[in-house]
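Hi everyone, thanks for making the time this morning. Please have a look at the structure on the screen, and I'll walk you through a few spots in it.

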Amino acid sequence: NPDEETAVAQFGKDDKYFGVCTLMVTMPGLPMFGHGQIEGFTEKYGMEYRRAYWDEQPDWNLVQRHEREIFPLMHRRHIFAEVQNFLLYDFFAPEGYVNENVFAYSNRAGDECGLVVYNNKYESTRGWIRTSAAYSVKTGQGDERTLVQKNLGEGLDLHYDEDYFCIFRDHVTGLEYIRNSKELFDKGLYVELGAFKYRVFLDFREVQDDVWHHYAHLAGYLDGRGVPSIEETMRELFLQPIHQPFKELVNAGMFRRLMDGRLTEADEPLDQALLDEIEQKMAQLLREAKQFSGGAGDEVALAQELRHELEAILQLPILEDRFPAGTAVELPSEQEYRTAVKYLQTNLNGDSWTWGTLLGWWSVHSLGKIANPADFEWQSRSWIDEWQLGRIIAGALQDFGIEESRAWQAVAAIKVLTSHQRWAAVGVSKTKRVYQILKSLLEDGEVQYFLQVNRYKNVLWFNKEAFDQLRWWLLLVAMVTTYGDPLRPATEVVESFLECYTVIQKLHDAEQKSGYQVEKLFIIGQSIPISVKAR
């Protein structure tokens, strides 16, 4: 009111103000903001004022903090507005006394609960919220009343059962926590608060543990810590047998070692000790994947197969030395072969993003063979999401020095290349081969996203640069899988490479003639004949 000092004069603009403001908007009753309070104005207004006398400008940092921390609570006022379920709690310090500087209270509306804790002193504190302050209720015998107390479990309407767990989110940090429901009855909730810090716990929900006691294990594993998502953390814990060996293969340190191990001279040897180590790690990952999925594949043989592919990847910079132009039988044109090799090696310099993407793809593209050899590419693609491998790859790429957005672009490319790693085997028709490959690619929503397909003026368009990048990647993965087969003769490797390169060039021709329109790309693709051996 006009007789009071402004909020900024009384509480400042930092944690104390926001702690007090949080109490105001989460207590029963009607919260009222003073004129200019949110903007941080300091002029004290009188009832007779018809205008402001001071030329003050809003403090936009203060306004934005209100938008982050206070306004969302105002949208949930229904939880805090009434008094029927309001409980004020004592805050017990570890030494046993009640800390009167800490405000702690809960409220409920229907199935929704809220718990607020605020430390109103310039010092840190810690303690337990366990029992409410005594309050008066009618006994049902006339006007007689009695004092009662409730514990936190009752205040939050939980089950007094050790098989139930309570999950809730801290509005301030955004982190989720899990506690045993029976423990909240018996012991309460332990909280640590800095000077003038506050917590608003919302989104309470209870879950009943399963026969394997997954939630109990998770609660023990977290030991009170908060996480962005309890469900995701539960899944990560469940996937630890897969994640641990996968992280030993996919990490920034391993990527650096492999980049350092690339061959740049024809007479250089591969680092066999490094390859032995990686083969063992891959075998362990495949062994866990086999057990996890109930597969029946041979992890030792598959790990050896992947070792050969990795050897092919590390030798890509010396491809022409490894397979000279004169190697192929009846080679149509040595110049064409050299052009194809030059095109393939365009991006195979020291670019971390390209090599990180390639190594990330290698680590996942054949995992599905351990369970489903027939359609292994789709199984591998599925596991990238189901087993949260994409997140691990993105994290490794960021540690490798790649910015976050580019790291996730790499993951998107890896998913596409995993799904379509056998693109060269699509269809058998020589006259419609380009069309069949385009159809297989563009029917995939992830390829559409990669190509930035969009509708403008009722026409579907694709991005030229993205299409060029996809063509290059398709040739690269086809070469790796061909080159990585040690039993395939050199002449066959060169011929297969040239066949794939021919298709890639035809795709380029269709792209240029289409004007970057999806429908025209299909039409032109149907009219481009190509003679390619079915493999």
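Before anything else, one term: when I say contact, I mean heavy atoms within 4.5 Å. This is a predicted model, so to speak of local features we need pLDDT of at least 70, side-chain atom pairs count only at pLDDT 80 or more, and totals for chains, interfaces and linings use all residues. Residues are numbered from 1 along each chain as its sequence is written, and side-chain values use heavy atoms, with hydrogens and water left out.

Let's start with Lys-415. You'll find Lys-415 in helix H18, residues 404-419; helices here are DSSP runs of H or I with at least four residues, numbered from the N terminus. Is Lys-415 buried or exposed? Its relative accessibility is 18%, so Lys-415 counts as buried. The cut-offs are under 20% relative accessible area for buried, over 50% for exposed, and partly exposed in between, with a 1.4 Å probe and protein chains only. Setting aside neighbours within four places in sequence, Lys-415 touches Arg-381, Ile-384, Asp-385 and Glu-446.

Next, Trp-361, which sits in helix H15, residues 352-364. Trp-361 is buried, at a relative accessible area of 0%. Beyond its neighbours within four places in sequence, its contacts include Ile-414, Leu-417 and Thr-418, and also Val-477, Val-480 and Thr-481.

Now the aromatics. Rings of Phe, Tyr and Trp (the six-membered ring for Trp) pair if their centres lie within 6.5 Å; planes under 30 degrees apart are stacked, over 60 edge-to-face, and the rest tilted. How many aromatic pairs does this rule give? The count comes to 21. Take Phe-292 and Trp-387: their ring centres are 5.6 Å apart and their planes are at 85°, so this pair is edge-to-face. The two come from distant parts of the chain, 95 residues apart, with Phe-292 in helix H11 (residues 272-293) and Trp-387 in the loop between H16 (376-386) and H17. Phe-292 is partly exposed at 30% relative accessible area, while Trp-387 is buried at 5%.

Trp-387 also pairs with Trp-383: here the centres are 4.1 Å apart and the planes at 15°, so the pair is stacked. Trp-383 belongs to helix H16 and is buried, with a relative accessible area of 4%. Elsewhere, Phe-168, Tyr-177, Phe-201 and Phe-204 make up one aromatic cluster.

Rings also meet charges. The charged end of Arg-406 sits over the ring of Trp-353, 4.3 Å from its centre, and that of Arg-225 over Tyr-221, at 5.6 Å. The rule is that NZ of Lys or CZ of Arg lies within 6 Å of the ring centre and within 35 degrees of the ring normal.

Last stop, a helix pair. The axes of H10 (residues 252-260) and H17 (residues 389-399) come within 8 Å and cross at roughly 65°; axes are lines fitted to C-alpha atoms over the stretch in contact, with angles from 0 to 180 degrees between N-to-C directions. Ala-252, Phe-255 and Arg-256 of H10 meet Ala-396, Leu-397 and Asp-399 of H17.

Thanks, and I'm happy to take questions.
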